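Reader: I am new to reading protein models. Can we walk through this one together, step by step?

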Amino acid sequence: MNRLALLITLSYATVSHAQILGFTPASAGREVEIENKFKSIPDADEERRQHRVFTEEPHTAGSKRNNELAEYISSEWKKQGLEDVVIHRYDVYGTNPKSASLEMIAPTHYQALLRETPLTGDDDSKNPAISGAWLGMSISGEVTAPVIYAHSGNPEDYDLLRKHGISVKGKIVLVRYSNPYSYRGFKALTAQREGAAAMLVYSDPQEDGYKKGKVVPEGPWGPEYHIQRGAITYDFMVPGDPQTPGWASVPGAKRIPIEEAVSAPNIMALSLSWHDAKPLLENMDGPVAPKDWQGGLPFEYHLGGKRVKAHLKIEMDNGLQPYYVVEGRIRGSEFPDEWVVMGNHRDAWVFGGVDPSSGTASMMELTRALGELKRQGVRPRRTLVICSWDGEEIGLTGSTEWGEQFAQDLRQKAVAYINVDEATSGPSFHGQAVASLAPMLEETTRSLRDPSGKTLYDAWKAVVEREREEGNQSSQFSSSGVLNDALADTRIGSGSDHTVFLNFIGVPVLGLGFEGDYGVYHSAYDDFYWMNHFGDPGYKYHTLMTQLWGVTALRLADADLLPFDFATYASNIRQFVTELAGGKKSVILNGARSNDRTESKDPASSLDLREVQKAIDNFETAGKKLNEGVVHKLSDGPLDPELAATLNHSMMQVERNWLNPDGIPGRSWFKHILYGARYTYAHLELPGLTEAVEKQDWREAEKQAAILKRSLENNTQLLNDLNRQLQP
Ligand SMILES: [Zn+2]
């Protein structure tokens with residue numbers, strides 16, 4: 001056999017034996033051809049070119065530049081061949097800085113710079129349009145007061161201050177960003193509840209600066225003057241426009257007064273570089289701060305109290321302004337009313353080198369490649385919907401308003417949502433998925449090649465193994481699956497645009513990103529220079545992201561039977577329940593435990609989850625049976641279209657069934673009973689149930705357990721119906 005013949009045979013063999021979750025052998029063969037065509041289109045130079053367009057100027061939500069970029073995306077998408085391109089306008093409660101000043105007035109005078117200094121070699125850092133220090137949704141005001149160091153600004157930190165007899169009432173608290181990590185909005189709410197007059201939040205070099213490694217321009221970590229901007233919206237209560245909780249801010253929509261909006265902060269807040277925090281910290285008196293409150297600056301940190309006084313003045317321009325969401329599609333050839341939705345936010349704190357413009361560049365190459373496929377006559381079977389969100393940084397606003405506006409359509413039509421926020425800050429892949437899509441995502445990564453030469457799957461596995469060895473302490477988010485050999489992170493909190501899809505509408509979500517050493521988050525140094533020197537100099541990971549994003553979407557769009565794995569979902573839920581019980585005597589998990597409790601089932605002092613466990617077992621059995629039935633059906637060849645439609649529509653319903661219309665207690669916008677987020681943004685599994693158990697509110701816990709059991713039973717019944725229809 002000559003070499004050419006061998007090659008032809010080999011590639012024929014790959015095609016004819018291709019196996020993809022959800023595809024018959026014939027359509028898997030066709031899919032591999034489509035994917036190979038698709039994967040050959042994304043180009044690193046184009047990724048870089050697009051990245052430059054988006055990182056050329058600062059583009060915060062609501063700014064002229066960000067709105068021009070919406071127009072740019074819209075016109076590019078039309079040229080690329082996308083269909084139904086439209087710009088949606090939402091009139092939302094936005095936030096802009098007018099002015100801010102901070103001066104230490106005792107024991108010595110220091111005028112805070114509140115600006116980032118230019119870097120040699122990085123001309124963008126000299127751009128006069130770069131904002132000073134500010135935090136979105138701070139209120140305006142002026143105060144002169146003593147400054148207290150409150151560590152991370154979490155409730156336990158104030159408890160410790162109280163133990164030392166230090167009250168923060170009417171004072172300025174100085175907190176740091178992440179020790180341990182918590183969302184700055186939660187720090188602001190905590191400071192507000194403690195009665196502080198204002199909150200200053202700074203980046204300690206221990207967390208993202210010189211204690212981590214070389215700082216820009218020599219390395220990827222944050223330099224002395226870098227400022228982490230960000231919003232402090234209480235979007236863990238309800239995301240989106242604070243004045244339209246639960247409905248869309250289309251022009252003219254009903255609005256509640258800002259005073260009644262639970263997600264609108266009522267405290268002055270400002271972010272600082274460590275350069276500006278240092279004079280405050282090193283002059284503080286009072287008790288020496290505990291060991292874990294010490295930081296990377298070369299002196300002992302004190303709690304403060306009397307000696308350091310500061311004068312803070314913040315003027316904000318908060319109020320109604322338009323945000324713009326760009327939407328485009330490629331209509332499906334066979335099932336135009338089944339949607340695979342994708343999105344990335346456009347707004348940045350400054351240039352948004354990583355966050356979000358690496359994702360935006362990958363998205364622009366994705367749409368170009370999809371348009372090119374269409375030109376070659378290849379249309380996905382289901383519709384691809386793609387969105388450029390606005391105001392993600394202010395409170396997940398654009399995606400939330402769009403999701404609220406089209407909730408009805410999405411409930412009927414959405415197969416899944418694939419989010420890419422920060423596409424690339426380094427080489428380590430991190431993939432997130434609701435548990436039913438975790439196997440599909442893992443399978444997809446086997447068909448892609450990492451720049452290292454390995455499959456993306458093997459590269460991902462190496463990342464997960466390394467992080468498991470290092471233990472979970474390093475990251476604020478978990479990085480791997482809950483089951484032993486699983487790679488996909490199935491613990492999904494909030495903090496990006498997937499939130500409305502998962503928690504409000506019940507659409508299965510996936511999140512994709514490459515990560516690395518990154519100390520310039522939300523600062524002016526997160527720019528084109530940083531990406532070209534540290535993040536992804538050859539734009540190889542941007543290109544790989546485009547390929548991965550597209551192949552994942554195409555598989556969901558082209559599958560004969562949607563590739564959901566509900567047995568995996570069941571085992572994840574079992575793990576969540578086990579962790580919730582976590583040895584708590586008051587939570588009864590199995591028969592063995594109940595013996596030593598002598599059946600004293602006083603509902604007011606304990607929670608019996610044995611019925612829930614049984615419901616999980618039944619759901620798992622039904623899921624396994626469905627997996628087997630589907631594999632069998634697919635291997636038999638072409639499917640009866642009517643049966644396929646029934647199966648697909650029912651499978652789409654499973655995620656919707658995890659929603660409780662009443663929402664989780666105290667936060668009715670968040671309706672998913674398996675996935676939620678803490679106020680810190682950290683993932684929170686079984687949110688309603690877990691919070692009730694933590695409060696030892698056993699009546700509420702029992703109610704939440706009953707809701708969980710009922711959802712499990714509904715979904716088991718749904719799967720069993722499908723299993724009956726799959727019987728030969
Ligand atoms: Zn982002």
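Author: Start with a term. A pocket is an open set of grid points with protein on both sides within 12 Å along at least five of seven lines. Its volume is the space filled by probe spheres set on the points. Keep in mind that this is a predicted model.

Reader: How much space lies in the second largest pocket?

Author: The volume counts the space filled by probe spheres set on the grid points. For the second largest pocket, that space comes to about 390 Å³.

Reader: Which element gives the largest share of the lining of the second largest pocket?

Author: The lining has 22 residues, and I20, L21, G22, V631 and L634 lie nearest the centre of this pocket. Helices α13 (438-445) and α20 (610-635) each supply at least two lining residues. The largest share is six residues, and it comes from α20.

Reader: What about closed spaces? Which element gives the largest share of the lining of the largest cavity?

Author: The count comes to five cavities of 30 Å³ or more. About 60 Å³ of space lies in the largest cavity. Its lining is I673, L686, G688, L689, Q704, I707 and L708. Both α22 (687-694) and α23 (698-726) supply at least two of the lining residues, and the largest share, three residues, comes from α23.

Reader: Now the metal. Which residues are the protein donors of the zinc ion?

Author: The donor atoms lie 1.9 to 2.6 Å from the zinc ion. In sequence, the donor residues follow the spacing H-x9-D-x65-D. One donor atom is NE2 of a histidine, and the others are OD atoms, two of them listed for D421. The donor residues are H345, D355 and D421.

Reader: Why is the arrangement around the zinc ion irregular?

Author: Four donors count as tetrahedral if all angles lie between 85 and 135 degrees. The four donor atoms here subtend angles of 54 to 149°, which makes the arrangement irregular.

Reader: Let us turn to charges. How far apart are the closest N and O atoms of R49 and E46?

Author: Side chains of opposite charge can pair when their charged atoms come close. R49 and E46 are three residues apart in helix α3 (residues 44-55), so about one helical turn separates them. R49 is partly exposed, with a relative accessible area of 40%. The two form a salt bridge, and their closest N and O atoms are 2.9 Å apart.

Reader: How many residues apart are R346 and D390?

Author: Their side chains meet in a salt bridge, at 3.2 Å from N to O. R346 sits in the loop between β12 and α9, while D390 sits in the loop between β13 (382-389) and α10 (392-395). This pair links distant parts of the chain, 44 residues apart.

Reader: Are R346 and D390 buried or exposed?

Author: The cut-off for buried is under 20% relative accessible area. R346 and D390 are both buried.

Reader: Is K413 buried or exposed?

Author: K413 forms a salt bridge with D409, with closest N and O atoms 3.3 Å apart. They are four residues apart in helix α12 (residues 407-413), so about one helical turn lies between them. D409 has 27% relative accessibility and counts as partly exposed. At 16% relative accessibility, K413 counts as buried.

Reader: How many salt bridges does the structure hold?

Author: Some salt bridges share partners, and these join E35, E443 and R555 into one network. The structure holds 37 salt bridges.

Reader: On to strands. Which residue is the bridge partner of I418 in β16?

Author: Strand β14 (residues 414-419) is mostly covered, with six of its six residues buried. β14 pairs with β12 in the parallel sense over five bridges, and W339 stands opposite A414 there. Three bridges join β14 to strand β16 (residues 509-515), and these two run parallel. In β16, the partner of I418 is L510.

Reader: Which strands are the edge strands of the seven-strand open sheet?

Author: The order of this sheet is β3-β2-β10-β5-β6-β7-β9, with mixed pairing. Within it, β2 (residues 97-106) and β10 (residues 304-316) run antiparallel and share eight bridges. Each edge strand pairs on one side only; they are β3 (110-111) and β9 (268-272).

Methods:
Residues are numbered from 1 along each chain as its sequence is written. This is a predicted model: local features need pLDDT of at least 70, side-chain atom pairs count only at pLDDT 80 or more; totals for chains, interfaces and linings use all residues. Side-chain values use heavy atoms; hydrogens and water are left out. Donors are N, O and S atoms within 2.8 Å of the metal (3.2 Å for Na, K and Ca); water is not among the atoms, so sites may look incomplete. Four donors count as tetrahedral if all angles lie between 85 and 135 degrees; four count as square planar and six as octahedral if opposite donors are over 155 degrees apart and all others between 65 and 115; anything else is irregular. A salt bridge is a side-chain nitrogen of Lys or Arg within 4 Å of a carboxyl oxygen of Asp or Glu. Buried means under 20% relative accessible area, exposed over 50%, partly exposed in between (1.4 Å probe, protein chains only). Two strands pair if DSSP finds at least two bridges between them. On a 1 Å grid over the protein atoms alone, a cavity is a set of points where a 1.4 Å probe fits but cannot get out, and a pocket is an open set with protein on both sides within 12 Å along at least five of seven lines; lining residues have an atom within 4 Å of a point.
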